[in-house]
Amino acid sequence: MIYFSGHGFRLINRIGDGEAYLATSDSQPDGKNAISLDRELNPLLRRSSLSNLVVMLDCCHAGALLPENRGLDRILLEPSLSAFKEKQDYYLIAACRSEQVAWEDEEYSLFTAALLEGLSPQQADPETGEISADRLFDFVSRELRGKGQEPIRMGVGRSLILVKYGAQPQVKEVNPLLDEKKELRCPYQGLLAFTKKERPFFFGRKRVVDDIKSKLDRLNFVPLIGASGSGKSSVVLAGLIPWLEELGWQILEPIKPGFKPLTMLESLLLPYFRDDQQLLDQCINNQDSEGLKPLLELFPREHKFLLVVDQFEELFTFALAEQRDRFIELITQVATIPDSPLAVVATMRADFIEPCLRYDSLRKLIQNNAEYLPDLRGLDLLEAITEPAKLQGYEVTKELLNKILEDIKQEPGFLPLLEFALTQLWQKRDEAEHRLTLDTYEAIGGIVGALNCQADKVYQYRDYEEEKPVKERTEAEKALIKRIFLNLLQIGDGEKDTRLRQPKAFILSLAGDNQEGQKVLTELIEGKQGLVKGRLLVTGKTEREEEAWVDLAHEALIEKWDNLNLWRTETRKGRELAKQVDKDAESWQKNNKSQDYLWSGDKLADAEKVLQQYKDTVETTDLAQEFLQASSQEELRSYLRSPDIDNLERETLEKEAVRKLFLNQERLWQLLTDEKEKAQIRLSASWLLKQWGEEVPIWKAEVDKQGKIALSIIAENDLPATVIEELEGGINLEMVEILGGEFWMGSPEREEGSYPNERPQHKVKVSPFLMGKYLVTQAQWRVVASLPKVERNLNPEPSHYKGNSCRPVESISWYEAVEFCERLSRWSQERGKGYQYRLPSEAEWEYACRAVISELTLAEWNQKYNQPFHFGEKISPALANYLETLRGKTTTVGRFQVANLFGLYDMHGNVLEWCTDHWYKKYEDAPNDGSAWLSENEANEANFRLLRGGSFRITPDYCRSAARYQERPNLRSDRIGLRVVASSRTVYSVNS
């Protein structure tokens, strides 16, 4: 120890470098005869090889020789007292700041008098008899307060013990501490942290508290890092904070980062800036601001302030990412501000150091300033076990103490388990002998079993406080308890989970909107027989926090309660998925809920199945549910837009619905009835519902020149009657009764996509007939092909595109179409309705397609009725199967769900339909009675037969109502099929 009382000064040379001196009695102003710190004291200290050094400077302006901030540290300490950097432990105390005078008194200076008193036996620690450098400095500071000089200090390394007098034997009268009910307070805390209120019972961490205090004397940011369950919060709340308060520090209310750490910080500082809330908001929330610096410049200077950020890891498990980054930026900024009136202590779990290191400012502070909390061992551990009981007049028996120490060796992270076991022991203490005993310890299950046994009792019984509880909880209550605990876990990487504070409102929402259920939940949590009283959960709400919260009493429950371990293992898959959904839902929201961020395909399908499997135990946020619903709806829309549904049969559809949870009748009905939804989606939903056996509307479409589709429903009463021809094998043929009437056949020149062969327009009068509601299907062809031959053989499976028997038959010649009609006619006359079936005439086909009966003039007709398609000006891939629909193959009949006003389907696209007529280039001399236009001359054009309706391979112009197409009658093509007409009598014969 070097003690100097006198004067100190510095000389500055012409280039600004300085040299520090201690003035001797014969020193000169130029430094002659004075002691040079650079050239004399430092070399001597280096040669001494001291392991510990204490220097006390009692001189005016002594602070100039001792750095009062980090800047001066570099100016003075490094060049002038560099030897101190090489010592393992050192401590320097200066009598006053650089601008102050060290006052004299009658016998000694004020500083020296305080030093001597502070080193007296009366000021030693009564338990250890020790006086540490920190203890001495604190005493001197109190003695000189208000006397015009303020001592300052610097320390590096461990706490230094200056004097050890030995512990004074004291016979203490036991004055146990009582609670509000005048009952003996429990001196142990179970799974809860010790706080200021429990300070008298907090033992075993004095050295750590001293070290943190020592660091705070020279640093503005101290991370306290320790394993889960090592007691970090207790060290700060019960050890450090009360001591600093005694020394005059102002303690800001400790905070946990929570979901919105910036909001917590702003609320904490608000009382100091009520008159300048705009500045506070700017400094906290504006990324371009100077951060806390302007606020700290306005802080009161008469006190030092402490901010405690407890459970710092919540920034990585709970907080919003954008708030986390800004929060870390702000609180670490405190360390860079010289003479900051605010210091920060942050408690951090050691297993969360890795994410901390991603932030440069935080990484440097952890490397340079951190205090690491070791396991509680040796005498400190004995104190923590025995002293709280002694304070209340109880003894921990030697046998019990030995057994506890033996058990602790086998149990890593033992402290919370120990504290819980001690709490259980206290509740079952021997009140007659004032002892905690080994028998009771073994009865509660020891260190490992106490927590597990108690948690099981609280879970299973309402009267868990009884020695032998009998009132079992209901299965519904147990299920709710399971859900509560699972929702208080934050799933981590691998098998690691952490606690997750949740808003109380969220936990109550587990009961849904059921008020009775919420009442039961509230009672389960906070009631007389609830989880809080059972010391498994904690609840709270500070004035800084927006809402009440619920949390696990301690992380130890996660690993040490067997039931919770089982629950989290069996639900891990669901919880991992829920976490990913939450994360992606937030990204979706940040990107304006863009469809690009939604889930789809197998990822969505698997997610829906897994979450359905865990629906009783795994919760998702409202945003996540909205995200999944939007993903599911968009996936359903995508599915409804795909060609995969074109040829689905009911059995296949039901299998699809099992695999694709988004595919269900309720959602399809929602889309079908949503008038704001696109026509393609509504019609596809209608199609699938029909395949499911549902009664769906009969749709009519109107398309304007811009291609906009308006859907409406045709009342069944407004449609012509349908006649069912029941074929063999359960196959039916639906025929629509087409009323007779007049129309103008052909197209005007102004019609887009029209051809000269569609003119001249001419009026045609059509007699009543029946027409197939749909194209002839492969199933119907197969039945009729099995009937007796009339003129030629029929292949029962001619179609190129198979896979659904309700697809239209195709790859048939005109002759085979006629044979089909002849066989069907004979069957009908012998066993059915007695109809004569045939191919339609060209006039009948166009009349049936347009579905308009009118006696208007041609001009009036063209103005009012003549449109290219029965649904209007344009054709759309949503309404028909043609080239631009991009199917490249046939689709099931009626797939597009749109009928014309006669109730006929697929009149535009899918496959071309054979007509009876021969081909003529123009309508000159065409029949006007609706009959087929047949040629007696088989040469040239007469050997071609006529087709109508367009196909999946054909452009829109050939799909129009008036469009005509020609092919040789013996041609078989996958784009050609047929639709039949019938009458109850033979109108004219068909020559094949």
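## Overall dimensions

The protein chain exposes about 46,200 Å², of which carbon and sulfur atoms supply 47%. The model is predicted. Buried residues account for 55% of the 992 residues in the protein chain.

The protein chain contains 33 helices and 33 strands. Its radius of gyration is 46 Å, well over the 30 Å that the globule rule gives for 992 residues, so the chain is more spread out than a compact globule. Along the principal axes, the C-alpha atoms of the protein chain fill a box of roughly 145 × 80 × 50 Å. Among contacts in the protein chain with a separation of 6 or more, 71% involve residues 24 or more positions apart.

## Nonpolar cores

The largest nonpolar core comprises 67 residues. Those touching the most other members are Leu640, Leu663, Leu668, Leu688, Tyr837, Leu978 and Val980. A second, separate core has 60 residues, including Val396, Ile408, Ala421 and Leu480.

Apart from neighbours within four places in sequence, valine 980 is in contact with Leu733, Met735, Leu770, Met771, Gly772, Val776, Phe820, Cys821, Tyr837 and Arg838. Tyr837, one of these partners, is also listed among the core residues that touch the most other members.

Helix α11 covers residues 321-333, 13 residues in total. From its first C-alpha to its last it reaches 19 Å, close to the 18 Å expected at 1.5 Å a residue. The buried residues of α11 are Gln323, Arg324, Arg326, Phe327, Ile328, Leu330, Ile331, Thr332 and Gln333.

Helix α24, residues 572-590, has 19 residues and reaches 27 Å between its first and last C-alpha, close to the 27 Å expected. Its buried residues are Arg572, Gly574, Arg575, Leu577, Ala578, Val581, Asp584, Ala585 and Trp588. These buried residues pack against α19, β16 (489-491), β17 (497-499), α23 (562-570), α25 (601-613) and α26 (622-641). Just after α24, asparagine 592 takes a positive phi of about 60 degrees.

## Glutamate 472

Glutamate 472 lies in the loop between α18 (446-460) and α19 (475-486).

When residues up to four places away in sequence are not counted, glutamate 472 touches Gln460, Tyr461, Arg462 and Lys478. The side chains of glutamate 472 and lysine 478 are joined by a polar contact of 3.5 Å. Aspartate 606 is 134 residues away from glutamate 472 along the chain, and their C-alpha atoms are separated by 38 Å.

Glutamate 656 belongs to helix α27 (residues 650-659). Its relative accessible area is 14%, and glutamate 656 is therefore buried, the cut-off being under 20%. Beyond residues up to four places away in sequence, glutamate 656 touches Tyr639 and Leu663. Leu663 is itself one of the residues that touch the most other members of the largest nonpolar core.

Serine 686 is located in helix α29 (residues 679-691) and is buried, with a relative accessible area of 0%. Leaving aside neighbours within four places in sequence, the contacts of serine 686 are Leu672, Val696, Pro697, Trp699 and Gln897. With glutamine 897, the serine 686 side chain makes a side-chain polar contact of 2.7 Å.

How values were computed
Residues numbered from 1 in each chain as written. Predicted model: local features only at pLDDT ≥ 70, side-chain atom pairs only at ≥ 80, totals over all residues. Heavy atoms only, no water. Core = buried A, V, L, I, M, F, W, Y, C linked by side-chain atoms within 4.5 Å. Buried < 20%, exposed > 50% of the residue type's maximum accessible area, 1.4 Å probe, protein only. Contact = heavy atoms within 4.5 Å. Helix = DSSP H or I, 4+ residues; strand = E, 2+ residues; numbered from the N terminus. Polar contact = N/O pair within 3.5 Å; in protein donor to acceptor, adjacent residues only side chain to side chain. Expected span 1.5 Å × (residues − 1). Rg over C-alpha atoms; globule rule 2.2 N^0.38 Å. Areas by Shrake-Rupley, 256 points an atom, 1.4 Å probe, with all protein chains shown as cover.
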